Amino acid sequence: PFFHFKVDLISALTIPKGLFASSVQQLRKKDLTSLGTDALSALFGGERSPHCAEIVYTVVCSGHRTDPQQPLHYQCLVMFRRIYTRCEDLRTLIHKSFYALQHRGEEVARPLSLVQRAVRFLGWTWVSPTVFICVDGCQ
């Protein structure tokens, strides 16, 4: 029971704070690794966890709640959708940035390049600012 309490605390406080703004600014791999190590240490106590992280995140507890690597792409896509649906004044800018990203590369539209990276990670195709095609062909 105490272990699940620790998982709840890490997923509610540590991971969200550590990943704040990751949907608009890419985090360094070093920082993500450090956050993951800290999360494992918090779960099991001590400075270094003797457990394999992959096994802990798949068998022992929910990885999407305690592993900082897993929610990165999800948060990026959720934030993009939230901004697109709630901020009508930004839609034109998003469309222009999308087409610039498609034709000139990631250095032009930095926040959208993170969305594009998340889409590629999932194996999807991004055909227009509002249309993603999944691996199995659904939109």
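Student: Which handedness, left-handed or right-handed, does the crossing of α6 and α7 have?

Tutor: This is a predicted model, in which local features need pLDDT of at least 70 and side-chain atom pairs count only at pLDDT 80 or more, while totals for chains, interfaces and linings use all residues. Residues are numbered from 1 along each chain as its sequence is written, and side-chain values use heavy atoms, with hydrogens and water left out. A crossing is called left-handed if the near helix is turned anticlockwise from the far one by less than a right angle, and right-handed if clockwise. By that definition, the crossing of α6 and α7 is right-handed.

Student: At what angle do helix α6 and helix α7 pack, and how far apart are their axes?

Tutor: Two packed helices are described by the angle between their axes and the distance between the axes. The axes are lines fitted to C-alpha atoms, for helices over the stretch in contact, and the angles run from 0 to 180 degrees between N-to-C directions. For helix α6 (residues 91–104) and helix α7 (residues 110–122), the angle is about 65 degrees and the axes are 9 Å apart.

Student: Is Leu 114 buried or exposed?

Tutor: Leu 114 lies in helix α7, and, leaving aside neighbours within four places in sequence, this residue is in contact with Ser 22, Ser 23, Val 24, Gln 25, Gln 26 and Cys 76. A residue is buried under 20% relative accessible area, exposed over 50%, and partly exposed in between, using a 1.4 Å probe and protein chains only. Because its relative accessibility is 8%, Leu 114 counts as buried.

Student: What pattern does the protein chain follow when read along the sequence?

Tutor: Helices (H or I, at least four residues) and strands (E, at least two) are DSSP runs, numbered from the N terminus. The secondary structure of the chain comes to 7 helices and 2 strands. Read in sequence order, the pattern is α-α-α-α-α-α-α-β-β.

Student: Which residue forms a salt bridge with Arg 65?

Tutor: A salt bridge is a side-chain nitrogen of Lys or Arg within 4 Å of a carboxyl oxygen of Asp or Glu, and by this rule the count comes to 2 salt bridges. In one of them, the closest N and O atoms are 2.6 Å apart, and the partner of Arg 65 is Asp 8. This pair links distant parts of the chain, 57 residues apart, with Arg 65 in helix α4 (residues 63–66) and Asp 8 in helix α1.

Student: With which residue does the side chain of Asp 31 meet in a salt bridge?

Tutor: Asp 31 counts as partly exposed because its relative accessibility is 34%. Its partner is exposed, with a relative accessible area of 52%, and the salt bridge spans 3.0 Å from N to O, the partner being Arg 28.

Student: Where is the place of Thr 130?

Tutor: Thr 130 counts as partly exposed, because its relative accessibility is 48%. Its C-alpha atom is separated by 30 Å from that of Ser 11, 119 residues apart along the chain. The place of Thr 130 is in the loop between β1 (125–128) and β2 (131–133).

How values were computed: Contact = heavy atoms within 4.5 Å.
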